[in-house]
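Here is a short briefing on one structure, arranged by topic. Please look at the model first and then read the notes below it.

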Amino acid sequence: MSELSINPGIEIRDSERELQRYRSRLTLLGIFVMLLFGILFLRFFYLQVVQHGHYSTIAEANRISVLPIAPHRGIIVDRNGVELAHNYSAYTLEITPSKVADLNATIDELATIIDITARDRRRFRKLLEESKRFESLPIRTRLSDEEISRFAAHHYRFPGVEAKARLFRQYPQGEIFSHVVGHIGRINQREVEVLEKESRLSNYRGSDYIGKTGLEQSYEKYLHGTTGVEEVEVDSGGRAMRVLSRTPPVSGNNLVLNLDARLQEIAYNAFGNRRGALVAIDPTPGGVLAFVSKPGFDPNLFVDGIDPVSWKELNGSIDKPLLNRAAAGTYPPGSTFKPFMALAALFYSKRSPQQVISDPGFFMFGGHRFRDGRPVPLGAVDMHRSIVVSSDVYYYTLANELGIDPIARFMEKFGFGSRTGIDITGESAGVLPSTDWKMRRFKQKWYAGETISVGIGQGYNSYTPLQLASATATLANNGVMFRPHIVNYVEDIRTREKTPIEPKPLRNLELNPEHLRVVRDAMVGVNKDGTGARAFAGAPYVAAGKTGTAQVIAIKQGEKYIESRVAERHRDHAWFIAFAPADQPRIALAVIAENSGFGARAAAPIARQVFDYFLLGKVPQKAAETDD
Amino acid sequence: MHPALRRAGFYLTRHIDGVLLLAVLLLMATGLVVMWSASNGSFARTSGQMANMLVALSVMWVFANVSPQVLQRMALPLFVIGVGLLLCVALFGEVINGARRWLDIGITRIQPSELMRIAAPMVLAWYFNRHEGSLRLRHYGVAALMLAIPAAFILRQPDLGTALLIIASGGYLIFLAGLPWRVIIALGTLAAASAPFLWSAMHDYQRQRVLTLLDPSADPLGSGYHTIQSTIAVGSGGILGKGWMNGTQTHLDFIPERTTDFIFAVYSEEFGLLGNLVLLAMLLFVIARAMVIAANAPSLFTRLLAGSIAMTFCTYAFVNMGMVSGILPVVGVPLPLISYGGTSLVSLCIGFGILMSINTHKKLVQT
C-alpha cells in the first residue's frame with residue numbers, strides 16, 4: 001500500500017506489463033494446446049484413415065490371435081531318481097459352455113458314444129460353478145485311442161466340444177507322498193489376484209493349473225516354467241491357418257529331493273493301520289530323508305478338481321487324512337523331552353551326571369501328588385539311569401529346580417515352539433510354555449506347580465513331529481543345527497545346472513561335548529537295556545533313542561491308567577526319537593503313533609525298520625503287525 | 001413468473017457460467033452414451049456414473065458460489081491438510097492393486113492425491129499472489145519445492161500418472177507466473193541430461209510400460225496387450241466408425257478397462273474419426289472458454305489458478321487419448337468427464353466451479 005501511494009505510476013505500469021506478459025504466455029500455452037490436439041488428430045488420421053484397412057482386417061475377421069503355449073511342468077524325483085510327480089500326455093474331452101446351447105442334452109448325447117460316469121458329471125458341474133462361461137472345461141480326461149476315434153467320427157454333432165491333447169500331472173506314489181509332494185489343481189480367483197499382484201499373471205495365461213499344497217506349492221516358481229507365445233492367423237471359425245511367429249515355452253525345472261522313496265514307503269507301511277507321523281533327517285546337511293503322515297490321501301483326485309462325494313469323504317473322515325501330522329500336528333512330547341531336559345540340567349549346572357535322586361514313585365508339590373506310573377519305585381536314580389529307565393520323579397524335581405523360564409530359554413535354541421522353516425508351507429509353531437507365553441495366551445500368571453509336568457514333556461508342551469526330529473538331529477550333530485529341507489537341488493533341464501537348496505548350518509548351540517556324551521550314552525543305553533531294548537534287540541549298529549508316551553486325556557488323582565478301559569481315540573500316543581549310528585549319526589528321526597500306548601511297544605519298532613533299511617538295506621519281511 | 005421463483009432462480013444461477021456449463025453437460029452426455037455401450041448395456045454402471053455426475057455438478061455449484069477471496073484464504077490450509085493426508089496414506093493407507101493410494105476414513109475411502117490436484121495449484125497461485133510485484137528467482141524455487149513435496153509422496157505410492165499431472169499443473173502455473181526464459185531453457189537441458197537417472201528410479205512396472213510403448217509386441221500377453229488392442233480398436237473404427245453398440249473390439253471383450261481408462265477406445269471404434277473430431281472440438285471448446293476466463297481474471301491469484309486449471313484439463317485429455325491411441329505410455333489417467341469414476345469427476349468439477357466463481361464474482365465486484 002505504501003509503495004502504491006509513493007510511486008503509483010510505476011506500480012500501475014509494472015502491473016500492466018505483468019498482465020501483458022501473462023497474456024502472451026497464455027497465448028503461447030494456447031498454441032501448445034493446438035499443437036497437442038494437432039498431434040492427436042494426426043495420430044487418429046494415421047490410424048483411422050491411412051492404416052484403417054490393416055486394423056479393420058485384424059479386428060473384423062479377428063485374424064491374428066496371440067496364443068500362449070503352456071510350458072511343461074518340472075518333475076519331482078527322490079534322491080535315487082524315482083519319480084514322485086510326472087507328466088504324461090493324453091486326450092481330454094472339453095466343453096466350452098458359452099458355445100453350447102443345452103449343456104445337459106449335450107453331455108447326455110456324448111455319453112452315448114463315450115463313457116461318462118456320474119463322478120465325471122459331478123466334477124464338471126463343480127468346475128462350471130467356479131469358471132467363466134467362455135473357458136473350456138474337461139468333462140472326461142484320459143480318453144483311450146478308441147474313444148478318440150469314435151468322438152472324431154461324431155465331432156460334427158457336437159459344436160463347442162473339443163478333444164484336446166494335454167499334459168497331465170500324475171503322482172505315481174499316491175498317498176505315501178501326499179503331504180510332502182502335495183498336488184496341483186485348477187487356478188482359482190484368489191490365486192489369480194496373488195499372481196497379478198506379483199506381476200506373474202501374464203506367465204499363467206496358458207496355464208490352468210498351479211501348485212496347491214506341499215512342494216508343488218512352495219516350489220511353484222521353479223516348477224512352472226515360462227509360457228511361450230504363438231502368433232497365429234485364424235479364420236472366422238477360430239481355426240489356426242498359419243503360424244506367424246513363435247516363441248517357444250521354457251520348461252519348468254525339476255526338483256531332486258533328499259527323500260528316499262523306498263525308505264518313505266517302508267516307514268509308511270511300518271505304521272500298519274495306525275495313524276501317525278515320522279520325520280527322518282540326515283543330521284549334517286539337514287536333508288529330510290522321510291516325511292510320513294499317515295493316513296495320506298490320493299493326490300491324483302485333486303488334480304482336475306475333486307468331485308464333491310470324494311471330498312466329503314476325505315474332509316469328514318475321523319482319521320483326518322488331509323491333516324499333515326508331521327508338520328502341522330502338535331502333540332506333547334512325553335518322555336522324549338527328557339534327554340533335552342538332562343542337557344538343560346548340565347547346561348545350567350543344576351545337576352551333575354553322577355548326582356543321585358531318590359525316586360519313591362511320586363513327587364509331592366503343593367499338596368499335589370505327581371505320579372510315576374510304574375508299580376515298583378525305582379529308588380536311587382542318576383542321570384544315565386533316569387533316561388534309560390525313564391524316571392518321572394527325576395525330571396519332576398529337576399523341572400522344579402530349574403524353573404519354567406530357564407527351561408524355555410534352553411529349549412528355544414533347539415527349535416521347540418517355533419517353525420523349523422522347512423520348505424513346505426502349513427507348519428505349526430507348537431507351544432513352548434513360559435511365563436510370557438501364558439500371559440500372552442491366557443492373561444494369567446504362571447503357577448510353579450505347572451512347571452513340574454513340563455519336565456516330563458506333558459503340561460502345556462506341544463510340538464510337531466518335525467520339530468522333535470529337527471531337535472534330535474541337532475542333538476545327534478553335536479548341537480549344530482541345520483534347517484530341515486526336503487529338496488536337495490533344483491535342476492534346469494536344459495542346461496543341467498543344479499541349484500542346491502541351503503546346505504548351510506542355521507546356528508551352533510555351543511553345547512559342551514562332555515554334556516552331549518553323557519546324554520548320548522544314556523540314549524544308547526535306552527536301546528541296549530532300557531525301554532527301547534526289545535525293539536533294537538540284535539541290531540548290528542549302535543542306535544541312540546528315547547521312548548515317550550503322550551497323554552491324550554488327563555488321569556484323575558489317584559486313578560490308574562489302564563489301556564483296555566480307555567476308548568481307542570483317547571489312548572496315549574506312542575513316541576520314539578532316535579539316531580544312528582550313535583557315534584557317527586547318519587539318520588535322526590522322530591516317530592509318533594497315535595493312540596497306540598507305550599512308545600517302546602508301538603513307535604520304536606517303526607524306527608527299527610527305518611534304520612535297518614537305511615543303514616543295512618534290509619527290507620522288512622512283512623508289513624508290521626498292529627496291536628489293535 | 002412468481003417473484004420468489006425468480007429470486008430462487010437468480011440465486012441458483014448467478015455464479016454459473018452458462019457457456020462452460022453447456023460444454024460440460026454436452027461432454028457428460030456423450031460420456032453416458034459411450035458408457036452404455038462400453039458396459040455392454042449395464043444399467044447399474046451407467047446410472048452409477050449418472051449419480052457421480054449429479055454429485056460432481058452439485059460440488060461444482062458450491063465452488064462456483066465460493067468467492068475467489070475465500071479460495072485464496074483456503075489455499076494454504078487446504079494444502080497443509082492435503083500433505084497431512086498424503087502422509088497418513090504413506091503410513092496407514094490401504095494397498096489396492098499393489099499401490100498405496102487409499103485412506104479409510106470410516107464412512108468411505110478417499111484418495112488424497114485427488115485433493116492435491118486442486119490444492120497444489122491453489123497454493124502456488126496464493127504464494128505468487130503474496131509476492132506479486134516483487135518476484136525473485138528464489139520465489140520460483142520455493143514454489144517448485146512446494147510442488148515437489150506432494151509430488152514425491154504420490155510418486156512413492158506409486159502413482160506416476162497423478163504425480164506427473166500434478167507436476168504439470170504446477171509447472172504451467174510457474175510458467176504463467178513468469179518464470180524467466182533462461183531458466184526454462186536451462187531446466188530443459190538439465191531434464192534431458194538426467195533422463196537416465198529418472199529411468200533407474202522408476203518401478204519395474206513403470207519401466208515395463210515405457211518399454212512396451214516403444215515396442216508393444218515385446219510383451220503381447222502382459223502390458224503390451226492394452227496398447228495393441230486399443231490401437232486396433234481405434235484404427236478399425238475408420239472415418240465413420242462401426243456405429244454405437246457395434247464395436248467388435250469392445251463387445252468381444254478385447255479392450256481392457258473399457259469403462260474407465262480405455263473408454264476412448266470404445267468411443268473411437270464406434271464413432272470413428274468424425275466422432276473423434278467432434279470430441280476434440282468439445283474438449284477444445286472447454287479449454288478455450290477456461291482460457292478466456294483466465295485471460296480476463298481480475299487478480300494474479302485467479303489468473304494463475306484459472307490458467308492452470310485450463311491447461312491441466314487439456315493435459316488429462318491429451319495423455320488419455322495419447323495412451324489409448326498408442327503414442328504415450330499407459331499411465332492410468334481417465335478421459336475427463338467421460339471415463340467412469342466419481343473421484344475424477346468431482347475433482348474436475350471443482351476446477352470448473354472455481355473457473356465459474358472467478359468469472360462471475362469479478363462482475364459482481366465491478367458493479
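A residue counts as buried if 20 or more other C-beta atoms lie within 10 Å of its own, as exposed if 12 or fewer do, and as partly exposed in between, with C-beta atoms placed from the backbone. Helices (H or I, at least four residues) and strands (E, at least two) are DSSP runs, numbered from the N terminus. This is a predicted model, in which local features need pLDDT of at least 70 and side-chain atom pairs count only at pLDDT 80 or more, while totals for chains, interfaces and linings use all residues. Residues are numbered from 1 along each chain as its sequence is written, and chains are lettered from A and ligands numbered from 1 in the order in which they are written.

**A strand of chain A**
- In strand E21 (residues 544-550) of chain A, seven of seven residues are buried.
- Both faces of E21(A) are covered: A:Ala544, A:Lys546, A:Gly548 and A:Ala550 lie on one side, and A:Gly545, A:Thr547 and A:Thr549 on the other.
- E21(A) pairs with strand E22 (residues 573-580) of chain A in the antiparallel sense, over seven bridges; two strands pair if DSSP finds at least two bridges between them.
- A:Gly548 has A:Trp575 of E22(A) as its bridge partner.

**Chain B as a whole**
- Chain B has 14 helices and three strands.
- Of the 367 residues in chain B, 49% are buried.
- Two residues are in contact if their C-beta atoms, placed from the backbone, lie within 7 Å. Among contacts in chain B between residues at least 6 apart in sequence, 70% join residues at least 24 apart.

**Two helices of chain B**
- Helix H10 (residues 224-237) of chain B packs against helix H12 (residues 263-295) of chain B at an angle of about 20°, with the axes 7 Å apart. Axes are lines fitted to C-alpha atoms, for helices over the stretch in contact, and angles run from 0 to 180 degrees between N-to-C directions.
- H10(B) is therefore roughly parallel to H12(B), as angles under 35 degrees count as roughly parallel, over 145 as roughly antiparallel, 65 to 115 as roughly perpendicular and the rest as oblique.
- Residues making this contact include B:Ser230 and B:Ala233 of H10(B) and B:Ala265 and B:Ser268 of H12(B).

**Where the chains meet**
- 39 residues of chain B are in contact with 35 residues of chain A.
- H12(B) gives the most to the side of chain B that touches chain A, with nine residues.
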